[in-house]
Amino acid sequence: MRGEAEAEYRTSNIEVRVRQNSKFEIRCSMFEYKTGFKGRREMSKRKFNVAVAGATGAVGNQMIECLEERNFPVKSIKFLASSRSAGRTLRFRGDSVPVEEMTRKSFKGVDIALFSAGGGTSLEFSPVAAKAGCVVIDNSSAWRMDPDVPLVVPEVNPHAVADYKKKGIIANPNCSTIQMVVALNPIHRKCGIKRIVVSTYQAVSGTGKKAIHELYDQTRAMINFLDYKKNVYPHRIAFNCIPHIDVFLDNGYTKEEMKMVNETRKIMEDDSIGVTATTVRVPVFFSHSESVNIETEKHISADKVRALLKKAPGIKVVDDVGNKIYPLPIDAAGQDLTLVGRIRQDESIPNGINMWIVADNIRKGAATNAVQIAEILAEKYL
Ligand code: NAP
Ligand code: 2RA
């Protein structure tokens with residue numbers, strides 16, 4: 001442990017610090033992948049009053065950083081959380097900003113509210129915010145399948161943002177779905193995807209800040225031969241894999257698995273795509289990994305998939321197995337690109353491709369995607 005850090009996790013190129021105030025910090029030395037958009041062109045002369053709801057959480061913290069990094073045109077910023085956090089301060093562009101308890105009055109004068117405060121909170125407060133004249137970009141699953149709410153991944157269906165007018169709410173998809181559709185949409189447009197079989201290896205940060213602490217605490221306890229506690233997951237996550245994310249549904253799938261099925265079809269605007277998913281929590285702090293198998297209408301070779309994805313937005317092809325180069329969660333963490341590798345023919349069917357897709361679930365899977373949506377709103381609609 002160093003300085004004020006309460007917990008610290010490091011590999012060769014990534015460092016996670018969990019601080020006493022529950023804020024965690026991640027540093028990553030893979031800056032060559034960092035998109036960051038620092039110095040992005042000024043998108044709009046207009047500046048916006050922005051609120052971040054859930055500002056003290058894993059996603060909310062990252063949203064604040066993304067607004068800064070991408071130079072979003074902010075006139076004023078408001079940080080909202082539960083009563084537990086009221087009175088704390090968070091930094092924005094060098095200033096200390098107080099965290100306020102979110103109430104029904106919080107949205108007066110706000111133009112854009114980035115929500116990451118859980119589904120129940122969003123169901124209650126998003127309509128209140130929309131009624132106050134603010135556009136909500138929500139990270140929870142509360143509104144994603146509402147036919148009057150667009151579900152947007154800017155690399156795939158940016159045009160859908162226009163539908164924000166129906167309810168004043170735009171939904172940010174599930175993190176594991178976002179990275180998959182970023183990689184698969186270019187192939188779908190070219191060859192038509194008939195079926196997707198996906199298995200995920202999801203980081204604990206997908207469950208929020210408490211789960212980051214749980215993995216750290218359990219790992220530390222185990223390597224010191226101490227008893228460990230489990231509060232977040234039903235089983236020990238340290239040195240384990242848990243094939244259970246979100247709740248089980250009547251069909252035997254988890255809600256996370258069905259999010260991947262339904263959200264993929266909505267974002268790719270094609271209900272005919274067959275999707276089947278198995279979602280697994282693994283003892284990794286940041287970045288979700290996915291093994292994806294697709295069957296296409298038209299044949300496409302692995303080389304052509306590589307060439308297609310190299311030109312596609314938001315993707316970095318990391319695929320040189322001769323040199324042991326493939327996407328890794330430690331390389332994806334702290335940057336915004338979706339890394340795709342292990343691209344190869346599925347030799348068991350005529351038109352099949354296998355690949356391995358990795359992205360930072362907190363950034364592209366949540367905060368960055370939400371800020372990208374806000375940029376489209378600011379540039380084209382507000
Ligand atoms: P988290 O680390 O547990 O943070 C939750 C945030 O919500 C905190 O700021 C918390 O405030 C706030 N909050 C909780 N109850 C509230 C209330 N009644 N009123 C106002 N604020 C309240 O969780 P997270 O991982 O950031 O996730 C937040 C949301 O984003 C969830 O809906 C999650 O499903 C979604 N999401 C997460 C990811 C991911 O990879 N983590 C990806 C996509 C979507 P306090 O600190 O005051 O408790
Ligand atoms: C998870 N996809 O990783 C979820 C986060 N919303 O648990």
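Is phenylalanine 225 buried or exposed? Phenylalanine 225 counts as exposed, with 6 C-beta neighbours inside 10 Å, where a residue is called buried if 20 or more other C-beta atoms lie within 10 Å of its own, exposed if 12 or fewer, and partly exposed in between, with C-beta atoms placed from the backbone. This is a predicted model, in which local features need pLDDT of at least 70 and side-chain atom pairs count only at pLDDT 80 or more, while totals for chains, interfaces and linings use all residues. Residues are numbered from 1 along each chain as its sequence is written, and chains are lettered from A and ligands numbered from 1 in the order in which they are written.

**Ligand surroundings**

- Around ligand 1 there are 28 residues, of which Gly54, Gly57, Ser85, Ser140 and Gly208 come nearest; a residue is near a molecule if its C-beta atom, placed from the backbone, lies within 6 Å of it.
- Domain 1 (5-174 + 365-381) and domain 2 (177-361) both contribute to the shell of ligand 1, so the ligand lies between them; the domain bounds come from an automatic or database domain assignment.
- Helix 1 (58-69), helix 2 (119-131) and helix 8 (363-381) each supply at least two residues of this shell, and the largest share, three residues, comes from helix 1; helices (H or I, at least four residues) and strands (E, at least two) are DSSP runs numbered from the N terminus.
- The shell of ligand 1 divides into nine nonpolar, 17 polar and two charged residues, with Ala, Val, Leu, Ile, Met, Phe, Trp, Tyr, Cys and Pro counted as nonpolar, Asp, Glu, Lys and Arg as charged, and the others, Gly among them, as polar.

- Six strands form an open sheet in the order 12-11-13-16-15-14, with mixed pairing; two strands pair if DSSP finds at least two bridges between them.
- Strand 12 (274-281) and strand 14 (315-317) stand at the edges with a single partner strand each, so one side of each is left without a neighbour in the sheet.
- Strand 14 runs parallel to strand 15 (residues 338-345) and is joined to it by three bridges, with lysine 316 opposite leucine 339 in strand 15.

**Strands 8 and 9**

- Strand 8 (residues 112-115) and strand 9 (residues 135-138) run parallel and are joined by four bridges, and leucine 114 stands opposite isoleucine 137 in strand 9.
- In strand 9, Val135 and Ile137 point one way and Val136 and Asp138 the other way, and all are buried.
- In a regular strand the side chains alternate between the two faces of the sheet.

**Individual loop residues**

- Phenylalanine 225, with phi near 55°, is found in the loop between helix 4 (209-223) and helix 5.
- Phenylalanine 239 also lies in the loop between helix 4 and helix 5, has a positive phi of about 55°, and is exposed, with 11 other C-beta atoms within 10 Å.
- Most residues other than glycine have a negative phi.
- Alanine 55, in the loop between strand 4 (48-53) and helix 1, counts as buried, with 27 C-beta neighbours inside 10 Å.
- Alanine 55 and alanine 81 are 26 residues apart in sequence, while their C-alpha atoms are 6.0 Å apart in space.
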